[in-house]
Number of protein chains: 2
Amino acid sequence: MNPKLENLWEEVRELTLGTTPQIDRLHTPPTPLQFLRHYLSQNKPFILSASSATTLQWPATTLWTSTSYLLHTLSSSTVSLHLTPSGQADSLTPHPSNPKSLCFASAHVQRTLFSDAVDAINASNKKDLSTGFVAYAQQQNDCFRGEYGALAGECDSDVAWATEAIGGLPEAVNLWIGNELSETSFHKDHYENVYAVVTGEKHFVLLPPTDVHRMYIREYPAAKYIYSEETGEFKLEIENPLRHVPWCSVNPYPLPENLEKEMSKFPLYYNGPKPFEVTVKAGEILYLPSMWFHHVRQTPDSRGLTIAVNYWYDMQFDIKYAYFNFLQSLPAPQEPTSHNPLTNENASDEDENNREESAFL
Amino acid sequence: MNPKLENLWEEVRELTLGTTPQIDRLHTPPTPLQFLRHYLSQNKPFILSASSATTLQWPATTLWTSTSYLLHTLSSSTVSLHLTPSGQADSLTPHPSNPKSLCFASAHVQRTLFSDAVDAINASNKKDLSTGFVAYAQQQNDCFRGEYGALAGECDSDVAWATEAIGGLPEAVNLWIGNELSETSFHKDHYENVYAVVTGEKHFVLLPPTDVHRMYIREYPAAKYIYSEETGEFKLEIENPLRHVPWCSVNPYPLPENLEKEMSKFPLYYNGPKPFEVTVKAGEILYLPSMWFHHVRQTPDSRGLTIAVNYWYDMQFDIKYAYFNFLQSLPAPQEPTSHNPLTNENASDEDENNREESAFL
C-alpha cells in the first residue's frame with residue numbers, strides 16, 4: 001500500500017466523512033444553507049429519514065404501490081426497457097471473442113409498452129434466471145419527465161432545498177423500476193444526485209472520489225447485448241468501430257469462490273478503509289454527492305418491484321474537481337507481489353485489461 | 001516543470017478561477033446562498049465594490065480618517081505595536097550567526113499607548129528608514145474586539161452574508177494600522193478571511209492552494225527581533241530552544257538586481273501561471289478563501305496611514321483540505337539544471353534551507 005494515498009483516504013474520513021461505514025442520517029430536511037454548508041460544499045453524503053422527507057406527502061408514495069394504477073395511468077406510454085442476461089448492465093463481463101479478458105457490456109434497450117415492461121420485469125425476477133433475461137425499466141435521459149410524463153404530477157418535480165441551494169432546477173429526473181436481480185456496477189456521475197426511493201429498497205456501496213485508485217479504473221472495449229425475441233437469447237457484440245470505456249474493475253460482491261482472487265487483484269479496495277454502505281428505504285432520500293463511486297442493488301416490495309426517482313443537478317467543476325483529476329492522473333501504486341502469495345495469480349492472462357502503471361511515490 | 005502539476009494549476013484556473021490575474025468583482029453583496037455556492041464552496045476569492053459593500057455605512061469610514069478622533073477615542077487604550085528594521089515581519093531574513101542561510105524572523109512586539117503607536121507609525125514612514133524601525137499596529141488575536149474595543153461600535157461586528165452562510169460569528173476580528181513600508185510575506189491562514197479596507201489601500205498577490213509547490217515551503221529556524229529603545233537598534237535572536245517554522249520561500253517583489261537569481265531558485269513560481277493580483281481600496285471588501293497564499297503590501301491615505309479590519313471565520317476541514325494535504329505531501333519536482341544556466345547558481349551555499357526532495361513523477 002502507499003502511505004500517502006492511505007493517509008488521504010483516512011484523513012478525509014477523520015476530517016469530515018466519519019470512520020465508520022455509516023453516513024449522516026438527518027431527521028429533518030436541511031435548509032438550503034445547511035445543505036450547501038455541510039454537504040454539497042464538503043462533497044459529503046447523507047440520508048434523510050422517511051418521516052421528514054417530503055416523499056411521504058407524494059401521491060406516488062401510495063399510488064405507485066398499486067401496479068394496476070400504474071398500468072392504467074401509463075396504459076398508452078412507451079418506455080425504455082433494459083434487458084441483460086443476469087441483471088448486470090453497464091458492467092464488466094467476459095469478452096465475447098476472448099473470454100480471458102473483459103469488456104464493458106451495455107444492456108439491450110428496447111422501447112416497449114409500459115404493460116409489457118411490467119410483465120417482463122415481473123417475469124424475470126426468478127433467481128434461476130429461467131426467463132433467460134432480467135428486465136429493468138430505466139433510462140437516464142430525464143425519462144421521468146419524458147416517457148413517464150403521465151406520472152409527473154405524483155411526486156415533486158424537484159427537491160426544494162437542493163434547487164434553492166444549487167440555484168437551478170434538476171438537469172434530469174429519472175425513474176427506475178426493477179427487481180432484485182438488477183444491479184448497477186461501481187461508477188461515478190458528474191452530477192449532484194438526490195435519490196428518492198418510492199417503494200422497495202436500494203442498497204448503496206459508496207466510496208469518496210479521494211479513493212479513486214481503489215476502484216482500479218481501466219479501459220475496457222465497449223460491447224452491447226443484442227436480445228432476440230425469437231430465440232430468447234443474447235448475443236454480446238463488441239462495438240464497431242472499437243471504443244474503449246474507462247470503468248471501475250471492482251465488484252463489491254464477488255462470489256465466495258472468487259473472493260480470494262478478487263482480493264489479490266484489487267488489494268487497495270479490499271485492504272483500505274471499509275466503503276460506506278447505506279440502505280435507502282421507501283420514503284427516504286439519499287444525497288449522493290457528485291464524483292462519488294456507487295454500486296447499487298435493490299430489494300423489491302411485496303409485489304416484487306423497486307421504484308425510485310432520482311434528481312440530477314448540475315455539479316460545479318471547481319477546485320475539488322481539479323484536485324480529483326490531478327489525483328487520478330497519478331499512477332496507482334503497485335503491490336509488492338512478494339507480500340501476498342495470492343497476487344501471483346494476478347499475473348494470469350485472465351484479465352488482460354490489467355494495465356497498472358508503476359508506483360508513483 | 002512537471003506536466004501533472006502544471007495541468008492542475010491550469011485546470012483550476014480554466015474551470016473556476018479564470019486565466020487572468022483578475023479575481024471576480026461583485027457590484028452587489030452576495031446573498032449567503034450565492035456566497036456559499038459560488039465562492040466559499042469553490043474556494044474562490046472575490047472583491048466587493050465600495051459602492052455596494054456596507055463599509056460605506058460604517059461610522060468608521062468617515063471617523064477614522066481623522067487621526068485626532070482616533071487619538072481621542074483610544075486615549076486610554078494600550079495596543080500591540082510590531083517593530084521591525086524595515087517593515088518585514090514574519091518573514092525570511094539572513095540568519096544572525098550564519099548570514100548565508102535564512103531564518104524566520106518575527107517582529108519585536110510591545111504594548112504601548114495608542115498615541116505612542118501612532119507617533120511611531122507616523123515617524124517610521126520614511127523610505128530611508130532613518131528612524132531605524134518600521135512600526136505596525138496589529139495583533140492577530142481578535143485585537144479589534146479587545147485592544148481596540150473603544151472603536152468596536154464603528155464598524156460591523158461581523159459580515160452578515162458570511163455569518164449566515166458559515167453559520168457562526170467570526171472567530172477573530174483584527175485591526176491593522178500601518179504605513180507603506182509594512183508588508184506581509186507569502187503565507188496562508190486556516191480561516192475564511194473577509195478583509196475590509198477602511199482607509200488607504202491594500203495590494204494582495206494571491207495563489208490558490210493547488211499551487212503549493214510554487215511557494216517552496218521549507219523549514220526555517222524561528223527568530224525574534226529584539227528592539228532596544230536605548231540604542232535604537234535591533235538584535236535578531238534565534239529562538240531557544242530551536243524551533244523550525246515551515247514558510248514560503250518566494251518573495252514576489254525581489255530587488256531588480258536579485259530577480260534573475262530568484263527566478264532560478266524558484267522556477268515553479270516564476271514560470272507558472274501569473275499570480276492573482278488585487279488592490280482593495282477604502283470601502284472595498286476582499287473575500288480571501290482559506291488556504292490561499294497571500295502577500296500583502298499597502299498604500300497609505302493622504303495622512304500616511306492604511307487602516308483595515310479583517311474577519312476570520314472558521315474554515316471547514318473537509319475534502320478540499322484533505323486533497324491539499326495530499327498534494328503538499330508529494331515532493332516537489334526538481335528542475336533539470338541543464339535547462340537553465342542560471343540554476344547553476346542555485347547550488348550556492350547561500351540558502352542552506354534549500355532542501356528540495358526528488359521529483360515524484
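The two copies meet through the same surface, because 100% of the interface residues of chain A are also interface residues in chain B. The model is predicted: local features need pLDDT of at least 70, side-chain atom pairs count only at pLDDT 80 or more, and totals for chains, interfaces and linings use all residues. Residues are numbered from 1 along each chain as its sequence is written, chains are lettered from A in the order in which they are written, and side-chain values use heavy atoms, without hydrogens or water.

A rotation of 180° with 0.0 Å of shift along its axis places chain A on chain B, with an RMSD of 0.0 Å (least squares on the C-alpha atoms of residues with pLDDT of at least 70 in both copies). That is how a two-fold axis relates two copies. In chain A, the C-alpha of A:Ser41 is nearest the axis, 2.3 Å from it.

The largest nonpolar core has 104 residues. Such a core is a set of buried Ala, Val, Leu, Ile, Met, Phe, Trp, Tyr and Cys residues joined through side-chain atoms within 4.5 Å. Buried means under 20% relative accessible area, exposed over 50%, and partly exposed in between, with a 1.4 Å probe and protein chains only. A:Trp64, A:Tyr148, B:Trp64 and B:Tyr148 touch the most other members of this core. Apart from it lies another core, of 86 residues, including A:Trp292 and B:Met315.

B:Lys202 sits in strand β12 of chain B, residues 201–207 (strands are DSSP runs of E, at least two residues, numbered from the N terminus). The B:Lys202 side chain instead makes polar contacts with the side chains of B:Tyr195, at 3.3 Å, and B:Gln298, at 2.9 Å. A polar contact is a pair of N or O atoms within 3.5 Å; within protein, one must be able to donate a hydrogen and the other to accept it, and residues adjacent in sequence count only if both atoms are side-chain atoms. Beyond four places in sequence, the contacts of B:Lys202 include B:Tyr136, B:Trp176 and B:Thr306 (heavy atoms within 4.5 Å).

Elsewhere, charges do pair. The whole structure holds 22 salt bridges over all chains, each a side-chain nitrogen of Lys or Arg within 4 Å of a carboxyl oxygen of Asp or Glu. B:Asp211 and B:Arg214 meet at 2.7 Å, N to O, and both are buried. In chain A, A:Arg13, A:Asp211 and A:Arg214 form a network of salt bridges.

Definitions and conventions: Helices (H or I, at least four residues) and strands (E, at least two) are DSSP runs, numbered from the N terminus.
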